[in-house]
Amino acid sequence: MAVRGRDARGGRPRLARRAAGLVLAVLLTASACSAPADADTSLTVREIDATLERRAAAVLARDPAGYLDALAPDAAKLRAAQRTELANLADVPLKSWSYEVKGITEEDGDWATAEVELRYRIDGYDTAPVAARRILELMRDGARWYVSADRPAKGASDQLWHQGEVEVVRGAHSLVLGVGRPEAELRQIADTVDLAVPAVSDAWPQPWARRVVVHVPDSVESMAGLLGSPETSYRGIAAVTTGEAGTTGERPALADRVIVNPQAYASLGSFGQRVVLTHETTHVATRTSTSTATPVWLSEGFADWAAYRGEDRTPDLIAPELTGAVRAGDVPAGLPDDKDFGFDGDPAELARAYESAWMACELIAERWGQEKLTAFYAAVGAHPGRDGAVEQAMGSVLDTTPEQFTADWRDYLSTRLG
């Protein structure tokens, strides 16, 4: 299907073309008196594309009249909501904004429902777009289609500007977008991320954008809304990073966003806030080397290692839950599983999982060196799948086996924390 949109410089629309051979085959096999079965749907998609292209151009031009022109004239409630949403975006520096019709899920004469992917980039920060799936209901009047309803697709969520007016604070390496939060709070977060970026670059010397976009909603409830999950999952979580791990080989990974829980973040001291945002910034930096082959213990342990490596804290202070278990004679039998990192479980068990993962990466950095740790991380992520990824990387990079590493790690816990 066609992918249309303009970049902020007013460039030409992009159009994804079907293969010429397929088009020729359709022309040769089609009856002279009948069209292919999907001809009406294809026409509908092209007509909806035209409407959405005008809508995308209006967003980038900050043109409320043009934006509202794509909406059904009698949809007063929708028009008021969309006018507000466009105003909420006023200060966000957009580089591009486009829509792709993924499919027509329902069509009945002059009415249609389409699943659409919105993609946008922030100027100066995103090298790849953020993607958001939407469901649009549309009506046709003459030769034009108009949007009559706009909502998140199943399993998707709203964007920050759906929650209120977005305030923008720029840092040297950060862009903080907040809704309903004091400017001083957003500035403090930007300053902290600006400290995190060079620290992460020192821990992860491989190329990355060295720019971070942070969202600060007005509450944990709003944070959960951005993540499409129950708020109970995030009450004690200060921040999370969203994004798409690795690459498909056809396009780069989609852009990351660090999302802050303002209540939990505010409860931390300056040390905790610095560690949290350095941890999340590490996820942004390592994203293209993180894949489905990467176990959670490695991605979270490495992020904690990068966050704590420059801090003057002893292991027992960094890992209090694990220290208590080790001193009670309860040394973990093995590295934590992915499920141990779920936010909806026992907080003490979650803490032990993170602390165990950190100690595993701390062991690699201490015994084999930082370069080996980053090489190990990259080698695991480059593996085609989870099976054998850690085993192969441990053999090729660390010259050890998972069994031997686990035994060494358990001894390391007893030595450092016992």
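Begin by selecting Thr278: its side chain reaches the backbone oxygen of Arg274 at a distance of 2.7 Å. The model on display is a predicted one. Thr278 is part of helix 8. With a relative accessible area of 5%, Thr278 is buried, because the cut-off for that class is under 20%. Show its surroundings next. Setting aside residues up to four places away in sequence, Thr278 touches Ala196, Val200, Ala306 and Ala307.

**Helix 5 against helix 8**

Select residues 183–203 for helix 5 and residues 270–286 for helix 8. The two helices pack at an angle of about 55°, and their axes are 8 Å apart. Helix 5 is therefore oblique to helix 8. The crossing of helix 5 over helix 8 is right-handed.

To see the contact in detail, display the side chains on both partners:

Move on to Arg210, which is found in the loop between helix 5 and strand 8 (212–216). Its phi is positive, about 60°, although Arg210 is not a glycine. Arg210 counts as partly exposed, at 31% relative accessibility.

A second residue of this kind is Arg62. Select it in the loop between helix 2 (39–60) and helix 3 (64–68). The phi of Arg62 is near 55°, again a positive value in a residue other than glycine. At 34% relative accessibility, Arg62 is classed as partly exposed.

**A buried glutamine in a loop**

Now select Gln159, in the loop between strand 5 (144–152) and strand 6 (167–170). Is Gln159 buried or exposed? Gln159 is buried, with a relative accessible area of 12%. Which side chain does the side chain of Gln159 meet in a polar contact? The partner is the side chain of Tyr120, at 3.4 Å. Once neighbours within four places in sequence are left aside, Gln159 is in contact with Tyr120, Val130, Ala132 and Leu226.

**Helix 12 against helix 13**

For the last pair, select residues 347–367 as helix 12 and residues 370–382 as helix 13. Their axes come within 6 Å and cross at roughly 130°. Helix 12 is thus oblique to helix 13. Display Cys361, Ile364 and Ala365 on helix 12, which meet Gln370, Leu373 and Phe376 on helix 13. By class, the contact of helix 12 with helix 13 has five nonpolar, one polar and no charged residues.

**The whole chain**

Among contacts in the protein with a separation of 6 or more, 64% are accounted for by residues 24 or more positions apart.

Definitions and conventions
Residues numbered from 1 in each chain as written. Predicted model: local features only at pLDDT ≥ 70, side-chain atom pairs only at ≥ 80, totals over all residues. Heavy atoms only, no water. Axes fitted to C-alpha atoms, helices over the stretch in contact; angles between N-to-C directions. Helix = DSSP H or I, 4+ residues; strand = E, 2+ residues; numbered from the N terminus. Parallel < 35°, antiparallel > 145°, perpendicular 65-115°, else oblique. Left-handed = near helix turned anticlockwise from the far one by under 90°. Buried < 20%, exposed > 50% of the residue type's maximum accessible area, 1.4 Å probe, protein only. Polar contact = N/O pair within 3.5 Å; in protein donor to acceptor, adjacent residues only side chain to side chain. Contact = heavy atoms within 4.5 Å. Nonpolar A, V, L, I, M, F, W, Y, C, P; charged D, E, K, R; others polar.
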